[in-house]
Amino acid sequence: MKLYYIANNQLPTPKAHGLQIMKMCEAFASLGIECELIIPDRRTYPSITERNPLAYYGVKHPFKLTRLPSADFITVTTYAPLAKLFFWLQQLAFGFSVKRYLSRRQGVIYSRDPFSLFVLRSLGLPMYWEMHSMPKNIRSYIYRKVLRAIRGVITISNGLREDIARVYAGRVLVAPDGVDLEMFQNVPHRVDARTALDLPQDKKIVVYAGHLYGWKGVDTLLGAAAKLPDMLFVLVGGTPEDIQAYKLKHGAGTNIMFRGFVPHQRVPLYLSAGDVVALPNSQKEKISSHYTSPLKLFEYMASGTPIVASDLPSLREVLSDECAVLVAPDDSESMAQGIRIALTDGARRALHAREQVQKYSWAKRAGKISIFIEE
């Protein structure tokens, strides 16, 4: 099978979607699928010096990567009306570049980007949409056309499947995100991990790894930190602007350490260094409560470190009380209590989580999706 993965994204990127796209293409390739990732030829983020995505993400099963011409206005303006105009110009430029490129080719089109699918629908090739959130304007003209043209939808959660089924009568596959299990082999144990990361050996450490968007629940975690002054809270990820905003909001707590963005290859080291890893997602937004399938969740499970997580339908699709301490969302006291429980009774749950995550490898996810496409 020839599969064209269309991704209108800057790659490499410090954001999780870049990792997810690259890992899926690598997984397809590992299964013998002829996968070609097509991306726009745009500037990468200033914080990333490696331009080659295959090298940046440490791809072990190479696949073809094609960059196509695309308008690039990333630094042109922050003036909102112009930014919106430039966004749509870039979308159109990339869409028609892909259309020209594929006009005489055969294969399956796979994408997380509905606008690209909208532009490519006239090619008559089989198309599949991988959904990660529910568009608010799902009944608009563009989405109606996309849903009529595609042969199937892949959602990352049952919550998404239930909502898209209200407007789409076609085939839907639920495929939660995954993890690179090899990354968690031969990771140094806690003492050595802390030495490598210059973290104290005499503190109980709670680790959070990921972006600092509001719906991720970082406010709740920092509230718990205020209630647990003898523990150190290490937050890995986030932009300098987000970090500064949280520091201003919560104060410069002596038991809170922001490490900012780190290369993904170092994340297992941080998770190994922790006594507990936290997943404090908020229930205030549906993307968090019903749609998300966080990459960090599967990495937490693979790390073997006790997990404390918000008790949400989206997370319950993967987690259970047998593999994590589940606490009331948006409740710092409940989060703090969950951390205390995990410190004393988290080891058996962590072991169970590590066993359960074996079924969530990227290769198994890609295999499930390829069967869905070939049916």
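Glu-162 is partly exposed in this predicted model, its relative accessible area being 41%. Its salt-bridge partner is Arg-161, and the closest N and O atoms of this pair lie 3.9 Å apart. Arg-161 is likewise partly exposed, with a relative accessible area of 31%. Because the cut-off for a salt bridge is 4 Å between a side-chain nitrogen of Lys or Arg and a carboxyl oxygen of Asp or Glu, the contact between Arg-161 and Glu-162 at 3.9 Å is counted. By this rule, 21 salt bridges are found in the model. Side chains of opposite charge can pair when their charged atoms come close.

A further salt bridge joins Arg-365 to Glu-130, with 3.3 Å between the closest N and O atoms. Arg-365 belongs to helix H16, which spans residues 362-374, while Glu-130 belongs to strand S5, which spans residues 127-131.

Lys-2 and Glu-36 provide another example, their side chains meeting in a salt bridge with an N to O distance of 3.1 Å. This pair links distant parts of the chain, 34 residues apart. Lys-2 is located in strand S1 (residues 2-6), and Glu-36 is located in strand S2 (residues 34-40). Lys-2 has a relative accessibility of 16% and therefore counts as buried. Glu-36 also counts as buried, at 1% relative accessibility. The contact between these residues is part of a network of salt bridges, in which Lys-2 and Glu-36 are linked with Glu-34 and Lys-64.

A nonpolar group of residues was also identified at the surface. Leu-82, Leu-85 and Leu-89 form this patch, and together they present about 230 Å² of accessible area. Leu-82 is found in helix H3, which covers residues 80-102. With a relative accessible area of 34%, Leu-82 is partly exposed.

Conventions:
Residues numbered from 1 in each chain as written. Predicted model: local features only at pLDDT ≥ 70, side-chain atom pairs only at ≥ 80, totals over all residues. Heavy atoms only, no water. Helix = DSSP H or I, 4+ residues; strand = E, 2+ residues; numbered from the N terminus. Buried < 20%, exposed > 50% of the residue type's maximum accessible area, 1.4 Å probe, protein only. Patch = residues over 30% accessible without salt bridge, like charges linked within 9 Å, V, L, I, M, F, W, Y side chains within 5 Å. Areas by Shrake-Rupley, 256 points an atom, 1.4 Å probe, with all protein chains shown as cover.
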